[in-house]
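Here are my notes on this model, point by point. Please read them with the structure open.

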Amino acid sequence: MRETPYLVVDELVAEGNLATMAAHARALGVALRPHAKTHKTVELAHRQLEHGAVGLTVATVGEAEVLADAGLDDLFIAYPLWAVGPRADRLRALAGRVRLRVGADSVDGVRMLARAVHAGRDSAAPLAIAVEVDSGHHRSGMPPEDAAEVAVAALDAGLAVDGVFTFPGHSYGLEAAGPAARDEAAALEAARDALTAAGIPCPVVSGGSTPSVRSADGSVLTELRPGVYVFGDAQQWELGATTSESISLTARATVVSRRDGVAVLDAGSKILGADRAPYATGYGRLLDHPEARISALSEHHATVAFPTGTTIPALGAELRVVPNHVCNAVNLVDELIVERDGIEVGAWSVAARGRNT
């Protein structure tokens, strides 16, 4: 018996999630390039390719290096990298061994990228950029109508231009997925048209988030980049982007204290993460007790509130806890225990854990 807490992946549920998203992308007529920052594992990256993904998306050079070392050779760092010093050297080396695309949302940014891949070489390492535009999340990304400015600068600096991308992060809200998908399509269409009006081909029009992917506009987008879909989490459950039956990753935790209406578990923020979105009704949920909520979270305690009249699980009972934000939970552990039909069948190393640069 394993000591709790630890993270468990239900392999068959995860496999079903991979197949369902791949089928959705095919039906929509777009490429699938999942975001690997959710799972950070080589095993799931390869399985996503087996299901038809054209490549993987990552957030950092470090994540890309891990996947490249594992033989994945088509990667998109969907982030406006500022690559100077050692990171520039790493980016140049990476671009020399995989098909690499990097995000950019400024003229200075693409000029910096060009210097990074030219430095210390007779010829530049091949590097493509995608122009990031803001579709309503108001994080990184430039105004869509100005996208050609960055694309022109990239070409002038000797870089290739794949197209445009966005992240509709404002889809993370109640009833927000549909409107965010419409914002995404409008922004990407404007950005694509700005490039083509400037005489720059725009084969890649990339977007998608797990909440909004079902509403994605296949007449505009050519590529989807969801990440959380492989596991699901309490946020997606509350948003209606997944169901309890499709949640494939949980934390196994033990009841260590109990009183009327409350159970305290040994899975705190150091394994679940501490995220709680404004719309969330708690700090996580219990897969087998959907009416319960984690009402308070400490580093090593999860306080679970049950409705009046509910039988509280006994001391020593092991429960399946659904983290609010699965990406954070995965980054807190060294391995994911894999189960099939409730039986442990192996473990996957969280190979890109902590690769934040």
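1. The model is predicted. The count comes to 1 cavity of 30 Å³ or more. About 50 Å³ of space lies in the largest cavity. Its lining is made up of Glu132, Val133, Asp134, Ser135, His137, His138, Arg139, Ser140, Thr166 and Phe167. By class, that lining divides into 2 nonpolar, 5 polar and 3 charged residues.

2. Largest pocket. Its volume is about 760 Å³. The lining holds 34 residues, and His35, Lys37, Arg139, Phe167 and His325 lie nearest the centre. The largest share, 3 residues, comes from E4. The lining divides into 11 nonpolar, 16 polar and 7 charged residues. Note Arg139 and Phe167: both are listed in the lining of the largest cavity, and both are among the residues nearest the centre of the largest pocket.

3. Second largest pocket. About 380 Å³ of space lies here. It is lined by 25 residues, with Thr210, Arg214, Gly240, Ala241 and Thr242 nearest its centre. H1 and helix H8 (234-239) each supply at least two residues of the lining. The classes are 10 nonpolar, 12 polar and 3 charged.

4. Salt bridges, and the pair at H1. The whole structure has 22 salt bridges. In one of them, arginine 340 meets glutamate 11 at 2.6 Å, N to O. Arginine 340 lies in strand E16 (residues 335-340) and glutamate 11 in helix H1 (residues 11-28), so the bridge ties together parts that are 329 residues apart in sequence. Arginine 340 is partly exposed, at 36%.

5. The pair between E5 and E7. The side chains of arginine 99 and aspartate 162 also meet in a salt bridge, at 2.6 Å from N to O. This pair links distant parts of the chain: arginine 99 sits in strand E5 (residues 99-104) and aspartate 162 in strand E7 (residues 160-165), 63 residues apart. Aspartate 162 has a relative accessible area of 7%, so it counts as buried. Arginine 99 is partly exposed, at 38%.

6. A network. What are arginine 99 and aspartate 162 linked with? Both belong to a network of salt bridges that also includes Arg33, Asp74, Arg101 and Glu223.

7. The pair at H9. Lysine 270 forms a salt bridge with glutamate 299, with the closest N and O atoms 2.7 Å apart. Lysine 270 is in helix H9 (residues 269-272), while glutamate 299 is in the loop between strand E13 (293-297) and strand E14 (302-305). The two are 29 residues apart. Lysine 270 is partly exposed, at 47% relative accessibility. Glutamate 299 is partly exposed too, at 43%.

8. Threonine 303. This residue lies in strand E14. Is it buried or exposed? Threonine 303 has a relative accessible area of 18%; buried means under 20%, so it counts as buried. Leaving aside neighbours within four places in sequence, threonine 303 is in contact with Arg259, Val262, Ala263, Val264, Arg293, Ile294, Ser295 and Ala296.

How values were computed
Residues are numbered from 1 along each chain as its sequence is written. This is a predicted model: local features need pLDDT of at least 70, side-chain atom pairs count only at pLDDT 80 or more; totals for chains, interfaces and linings use all residues. Side-chain values use heavy atoms; hydrogens and water are left out. On a 1 Å grid over the protein atoms alone, a cavity is a set of points where a 1.4 Å probe fits but cannot get out, and a pocket is an open set with protein on both sides within 12 Å along at least five of seven lines; lining residues have an atom within 4 Å of a point. Grid points are joined across faces, edges and corners, and a volume is the space filled by probe spheres set on the points. Ala, Val, Leu, Ile, Met, Phe, Trp, Tyr, Cys and Pro count as nonpolar, Asp, Glu, Lys and Arg as charged, and the others, Gly among them, as polar. A salt bridge is a side-chain nitrogen of Lys or Arg within 4 Å of a carboxyl oxygen of Asp or Glu. Helices (H or I, at least four residues) and strands (E, at least two) are DSSP runs, numbered from the N terminus. Buried means under 20% relative accessible area, exposed over 50%, partly exposed in between (1.4 Å probe, protein chains only). Contact means heavy atoms within 4.5 Å.
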